[in-house]
Amino acid sequence: MVGVSDNVRGFVLALSSSVFIGSSFIIKKKGLQKAGASGTRASQGGFAYLKEPWWWAGMITMIVGEGANFAAYAYAPAILVTPLGALSIIFSAVLAHFFLDERLHMFGVIGCMLCLVGSVTIVLHAPLERDIESVKQVWRLAIEPGFMVYFLVALVLVGVLIFVYASRYGHTHMVVYIGICSLMGSITVMCVKAVAIALKLSFSGSNQFKYFETWFFTILALDLFNTAVVSPVYYVMFTTLTIIASTIMFKEWDSQDGSQIVTELCGFVTILSGTFILHKTKDMGTPPSEAPPYPPYRQRSNSDSASLQMA
């Protein structure tokens, strides 16, 4: 196993990624607000935001954050890197409170605290990264029976969701499309991790791009990797499946005892709880004057009163 320093590097990169990505949402929204004040809003089909420097600054900030997230997978296991993505929600919520006047409700503060506690729990008990010396070693892990079974089951489920359920239930049940993205995302994160490891080894003097396995992982990662977190449901499903795939492929829990594994799972559940609370209470801090109006009051008629008496 490699030293603790690699996990620390991965943690710092994942943390900085959350800071940049969380900040990028606020910067881009600031640009959208400025563009909407002087032209047609983006929600109404306008493109004035493309001329707004704030919006492009937000895009650049997000790219930097995604680059840091990519690099984090080269140093730390997925069970450490992936759940820390929830921290971007905290940074965006806090920054929105101060810079966009989107007030953070007390329940939102509790959600942030839960995310922090869960993240600290996972960081303190995360397994160390495997000592990988070649991308061929990653390839051997990928073609072992355990991960191949997961890979084939995931592909079958994706096929069923796309060709059987998407046309029927896709517009009414968001789990269909979220399931497709999460299943494919859990596989492609493994490819992204393999490419990140290959780059790390190549930069250290051991060229990994002379092996076809590196290019195989690269093509899959570029073709399929999607990092958009659209809802807590997606975050829960994507993170859970990514941890399962990483545990099967890289056997990250082999060096840990039951208490450490249970502690990590508790930290993960704590993050999920905080994310859910943040999402459900995001509008509770809005003043009554800014809240959407209630439906107009309708005076109860005699027929309404009669129906109530009969009930």
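User: How many salt bridges does the structure hold, and what makes a contact a salt bridge?

Analyst: The structure holds three salt bridges, a term for a side-chain nitrogen of Lys or Arg within 4 Å of a carboxyl oxygen of Asp or Glu. This is a predicted model, where local features need pLDDT of at least 70, side-chain atom pairs count only at pLDDT 80 or more, and totals for chains, interfaces and linings use all residues. Residues are numbered from 1 along each chain as its sequence is written, and side-chain values use heavy atoms, with hydrogens and water left out.

User: Why is the contact between Asp 6 and Lys 200 called a salt bridge?

Analyst: The closest N and O atoms of Asp 6 and Lys 200 are 3.9 Å apart, and the cut-off is within 4 Å, so the pair qualifies. Asp 6 also forms a salt bridge with Arg 9, at 2.6 Å. Through shared partners, Asp 6, Arg 9 and Lys 200 join into one network.

User: Is Asp 6 buried or exposed, and how do you know?

Analyst: Asp 6 has 10% relative accessibility, so Asp 6 counts as buried (buried is under 20% relative accessible area, exposed over 50%, partly exposed in between, with a 1.4 Å probe and protein chains only). Arg 9, at 43%, is partly exposed, and Lys 200, at 23%, is partly exposed.

User: What makes H5 roughly antiparallel to H11?

Analyst: The axes of H5 (residues 106-125) and H11 (residues 258-280) cross at roughly 160°. Angles over 145 degrees count as roughly antiparallel (under 35 is roughly parallel, 65 to 115 roughly perpendicular, the rest oblique), so H5 is roughly antiparallel to H11.

Notes:
Axes fitted to C-alpha atoms, helices over the stretch in contact; angles between N-to-C directions. Helix = DSSP H or I, 4+ residues; strand = E, 2+ residues; numbered from the N terminus.
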